[in-house]
Amino acid sequence: MRVDWNKKYTTIAVYSLIVIILSITFYLCITNYSKFSDMINTFFAVLRPFIVGFSLAYLLNFVMAFYEKNIVEKIVSDKKPKIKRALSLILTYVTLTIVLMLFMKFVLLQVTESVARLINDFPKLVNKVYLITDQFVKDIDLPHSTSMMINQKINEFGKNAIDFATNLMPLFANVFLGILKSVWNTVLGLIVSIYILADKEGFAALCKKFLSAIFSVERSERLLYITRFSNDIFGKFIVGKIIDSTIIAFITFIVLSITGMPYKILLTFIIGTTNIIPFFGPFIGAIPSVFIVLMIDPIKAFWLLIIIFVIQQLDGNVIGPKILGDSIGISSFWILFSLLIAGKFFGLIGMIVGVPLFAITYTIIGESVN
């Protein structure tokens, strides 16, 4: 029997069936949450190489586009697009390899050595804090009960600090093992990213064809506009933040080297990495950095606080606006709001990508409402 999709009751029946199926699915998911969670985790574990591949392709596309536009076009004619793309891909992945090698040699190894040295020195540093605090309590001549309470709190703090430092190396070992376990997914992701970048126009055309087949012309054009707009905001923000944080890391390392700060590689890594996080990044990086130096030399810790403040002022008023411009387009209130929400649900990754995602959503909703 042929179904007449234009009839009113046929449409109602189809919608009712969809609602019933979704309701049953939702009920099964709620009543079997653990099994459903395991299925979701397995599903994402299978897709992880492709997620890594798409992420790498998205980031490396900016590098490849730069090489293709500024270098390869001047060497190879437009009549040989395959050669242009192949040469651009080679330059992109050679650049990625060099950056990774430099990072491992000059940053990762140095940070690991600094952490190991800090852990070894930690008991001595805590003991030094004990002596300084004890002398300070004696100098101000507090009542005996107050002195005992302060000493007890300091002892508790020192014990917790030593326990934290003792557990820090196993934590780093677990992180390192996790990185090793994800090497295979990363290798597969690199292969996937090469295929995507080699034929990115073909993938884009396939997506456009799919949208045109499923949706009306007006709806598909709207979706393509949202995609282009999202790519413009998200791409500018992420790439701009990476460049901005790299510059801040170089400036921080130079200043810390001149001022003779201890653990300068570790401090530079902390400050540069946390700078990627908008708004809260400087505070997140400053607290552990100042605390590390405070246990060694309180005067240098004070100067480090001033150095971080000056560098962040330079970043916020000069470097950041020059690189990022007005790529977000939302007020400070909404930046804070998006950071708190995304950070609560998705942790560190949420704090990094939450702002551009919220800016995209905010702008699209605003346009639709207007």
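Of the chain's 370 residues, 29% count as buried, that is, under 20% relative accessible area, with over 50% termed exposed and values in between partly exposed (1.4 Å probe, protein chains only). The model is predicted, so local features need pLDDT of at least 70 and side-chain atom pairs count only at pLDDT 80 or more, while totals for chains, interfaces and linings use all residues. Residues are numbered from 1 along each chain as its sequence is written, and side-chain values use heavy atoms, with hydrogens and water left out.

**Whole chain.** Among contacts (heavy atoms within 4.5 Å) between residues at least 6 apart in sequence, 71% join residues at least 24 apart.

**Tyr67.** Select Tyr67, which is found in helix 2 (residues 33–75). Tyr67 counts as buried because its relative accessibility is 15%. Leaving out residues up to four places away in sequence, Tyr67 touches Val72, Leu91, Thr92 and Thr95. Its C-alpha atom is separated by 9.7 Å from that of Arg85, 18 residues apart along the chain.

**Largest core.** Next, select Leu266, Ile292 and Leu304, which touch the most other members of the largest nonpolar core, a set of 26 residues. Such a core consists of buried Ala, Val, Leu, Ile, Met, Phe, Trp, Tyr and Cys residues joined through side-chain atoms within 4.5 Å. Two or more residues come from each of helix 3 (81–140), helix 7 (217–259), helix 8 (264–274), helix 9 (281–294) and helix 10 (298–324). Centre the view on Ile292: apart from neighbours within four places in sequence, Ile292 is in contact with Leu118, Tyr263, Leu266, Leu267 and Ile270.

**Second core.** A separate core of 13 residues includes Ile233, Ile352, Ile360 and Ile364.

**Helices 7 and 11.** Show helix 7 with helix 11 (residues 332–369); their axes come within 10 Å and cross at roughly 145 degrees. Axes are lines fitted to C-alpha atoms, for helices over the stretch in contact, and angles run from 0 to 180 degrees between N-to-C directions. Residues making this contact include Phe229 and Ile233 of helix 7 and Pro356 and Ile360 of helix 11.

**Aromatic rings.** Finally, select Tyr58, Phe62 and Phe234, which ring pairs link into a cluster. Rings of Phe, Tyr and Trp (its six-membered ring) pair if their centres lie within 6.5 Å. The whole structure holds eight aromatic pairs.

Conventions
Helices (H or I, at least four residues) and strands (E, at least two) are DSSP runs, numbered from the N terminus. Rings of Phe, Tyr and Trp (its six-membered ring) pair if their centres lie within 6.5 Å; planes under 30 degrees apart count as stacked, over 60 as edge-to-face and the rest as tilted.
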